[in-house]
Amino acid sequence: MNGVFRSSAAVRLSPFTMIRSAAAAAAPPPPLLSSGHSSIFILSPFSKPLSFSVAPEPVPQPDSPVSDLSSQLFSLLCQPNWQKHPSLRKLIPTISPSLFSSFLLQHPHLNPQIALNFFNFLTRAPTFKPNVQAYASLLRVLIRNQSFRDAEKTRILMIKSCQIEDDASFALSFLRRMSSGEDFDFKFRLNLRCYNMLLMSLARFVMVDDMKSVYREMLDDQVSPNIYTFNTMINAFCKLGNVREAEYYLSMILQAGLKPDTHTFTSFILGHCRKNDVDSASKVFSTMPEKGCRRNEVSYNNLMHGLCEAGKVDEAKSLFLQMRDDNCFPNVRSYTILIDALCGSARRLDALTLFEEMMEKGCAPNIHTYTVVIDGTCKDGMLDEARKILRGMLDNRLVPSIVTYNALINGYCKKGMVDSALEIFDMMESKHCIPNVRTYNELIFGFCEVKEVHRAMALLSKMVQQKISPNLVTFNLLVCGQCKSGDVESAFRLLKLMEENNVVPDQLTYGPLIDALCKKGSVDKALGIFNSLKEKGVKVNKVMYTALIDGYCNVENVDFALALFERMLTEDCLPNSYTYNVLINGLCKLKKLPEALKLLEKMLEGGMKPTIVTYSIVIEQMLKEFDFESADRVLSHMIALGHKPDVCTYTSFLVAYCNQGMLKEAEDVMAKMKEKGILPDLMAYTVLIDGYGRSGFLNLAFDTFKSMVDAGCEPSHYTYSVLIKHLSHEKLINRNGGSINIADVWKTMEHDTALKLFEKMKECGCAPNIGTYNALITGLCREGRIEEGWKLVDHLEQHGISLNGYMYNKLINCCCNMKMYEEALGLIDAMLKRGLLPHLESYKLLVCGFYVKGSNEKAKEIFCKLLHCGYNYDEVAWKVLIDGLLKRGFVKICSELVGVMEKSGCTLNPQTHTMLIQGILDQEKGT
């Protein structure tokens, strides 16, 4: 250090003498102003600041509140025992780092000892977190008064306080100016310790260019780097995988006559791993003992992590097992690296075993370990185990991170357990863990998957309330959800909201829209959207082409589908097997099997291998034409090519045999499936149930139903339709003969037939559950048979089963369609009391129904009530006002309800406002 520093340091007292010594506290305090300056000069508010400002805001004017506070502080610091003054205690919570900086700027000649003691006093307050600017302000006072010992400690603390890259840049600039003496009459040069600390700070933020500059400045200042300096440089470049640059500093170690140490070698292991060269990393690891350098836990961890990243999990596990022989003991990171890798390679039971071993050996898991294990168990569907691990984490007083909670929410949502996911969401909020956009996206995905899009849209509102900006993923999930629920219009409205939020739609936005339009039969509109994408800067892909081809096949326009297929080829958008499959399926549906087989040949010529699905489509058509011989031949060919028939292939044979009453052959197919290890699915079981029923073997049909339930297949609405059909048919035969068509099942089903179904289910050991009632009530409501529906509601309640949201909505819609609006309202009230949120479609039918009936006040009351249920206001406007009232011609009422929304503070997106105005204008023109 220069001579100025040494001579000054020799005569100055420690900066903490006043605070620590009782004698000093009793002694007269140091003068408030540094020597040579009068208080008149110091109290002037127009003191000129130094040439570089450290305060984020300008110096306050004399009449400002901050200036007034500054004057109060100055007066208090004049007191002998200012630390104990009650007024200061009250002021402490209002003093921020920036205010402290402003205070020193206004009083640049404040006694350095008082300035330092005041700063130290503030840092002990929980409300005051010093930043680099506050340290810099203090440093300027200390350096100006040549308090170099205190200044040395302060500048080290300043470097350590850097929290972000901007802090490090500021500190670097400030220290350079100090070292050059640019703002003072002398230079306060950086020493070795300060250079090393600065390099470490820059390394934290990967500011390698600045590090290289500081290293050169260090050499220019004739400060000799030590092993700590070189290791810092090496580690920074190795973190980036830049081994070549790191090797330069290794050569500097050798030139300086120093010896590389464990930290040096460990950094190179990391560097080679970061550039995906685990072989070189292993060589460095192996040579460490030869160089007389002991390997430590970090050396092992770096190599283990590199091996895991390269997919060499077993090698990493072997390395883990040899740690103890090398006198290294696995730490929490060692275990976490391996547990994470095992989870990532679908070896989650091994990961759980290692997790348990970790705790048994007294190595406490950290937040990251718990998160990795919770995420792994959730991905395996072991949600109860994941919840148990979370409880263990909380019991160990560890605070789960946002990543931990998101893993559980995602796990529940993928299983369709959205209410459990919401429990985790509520838990995280109660623990003051703020949800992020990913949290909301996972919940939105979950609600869209279970077709509760109104609840997903409500989450969009909550995001906006919490100042969390929805991203492209958010909108794509909602667009897809609206499309899946059949509301394509609302999906298009979301595009307008995306525009308002400056979110640009992409392929994943338009793909579901095109597909949904095609499924509705609106293929020309879908084609229009498809053709407009080029000018929007969105590249069409094979998914969109395939959706269009499938759409045109479904409307029996196969010629245009083939033309699209050819266009696809000319635009270098190569079709995949799914594209070929939808086209082959379209040809088969039109009984154009020869053309389908030609396309199959073309598929092979183009180097595209037919899939099991491809062959199954062809086999199914052959079986429909009763060409069993050709179907068997294609099946044998398919097996010869290495394709194993799947459940769909075998189900095609089941359908054919059951249609012909060939039950023995159908049973053989089921036996063959089980022999091949192929589990029959819902469709396979239902086909066989139908086969037995048609042949009059109802007992065998119910035995198959029992096998289906035991196999974990939840019966579908169609399964119950088949059973009801055969039970009704049996009754008809007993009465006067006749038969019943599957399409007429719910039109004719009597209540005692349902009771007979329940009885037969109990006989075979499958008691009716909520799914049974769902299927039956849905079928009856679809046909408007509300009285029969109410009987089933009574029956399920007598058996201790509660109505779920799905059944409520079906009953409400049925009541509205039957103009039974009071009953529908009663059901909505019952839903709300149980914490269930009705579909907006139900509210639309009810509100519109009461207005049509002339019960305007009742309708308005219901509308006002729904505004407080947590729906997304834009969706309320879309579905109730635009799709409901405007389409029914209630223009004035719609305008009135928009006013109600505004008065209630229900803010609408500007795009929704535009849609409403346009809708009103269109209706007025129409009238």
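In this predicted model, the largest cavity is lined by Leu104, Leu105, Pro108, Ser137, Arg140, Val141 and Arg144. The space in the largest cavity amounts to about 40 Å³. Two helices, helix 7 (97-106) and helix 9 (132-144), each contribute at least two residues to this lining. Of the lining of the largest cavity, helix 9 provides the largest share, namely four residues. Sorted by class, the lining of the largest cavity consists of four nonpolar residues, one polar residue and two charged residues.

With a cut-off of 30 Å³ or more, the count of cavities comes to two.

The second largest cavity holds about 30 Å³ of space. Its lining is made up of Cys343, Arg348, Ala351, Leu352, Val373, Thr377 and Met382. Here helix 21 (348-360) and helix 22 (367-379) are the elements that each supply at least two lining residues. Helix 21 gives the most to the lining of the second largest cavity, with three residues.

Which helix, then, supplies the largest share of the lining of the largest cavity? That helix is helix 9, with four residues. For the second largest cavity, helix 21 holds the corresponding place, giving the most to the lining.

Note on methods: Residues numbered from 1 in each chain as written. Predicted model: local features only at pLDDT ≥ 70, side-chain atom pairs only at ≥ 80, totals over all residues. Heavy atoms only, no water. 1 Å grid on protein atoms, 1.4 Å probe; cavity = no way out; pocket = protein on both sides within 12 Å on 5 of 7 lines; lining within 4 Å. Points joined across faces, edges and corners; volume = space filled by probe spheres on them. Nonpolar A, V, L, I, M, F, W, Y, C, P; charged D, E, K, R; others polar.
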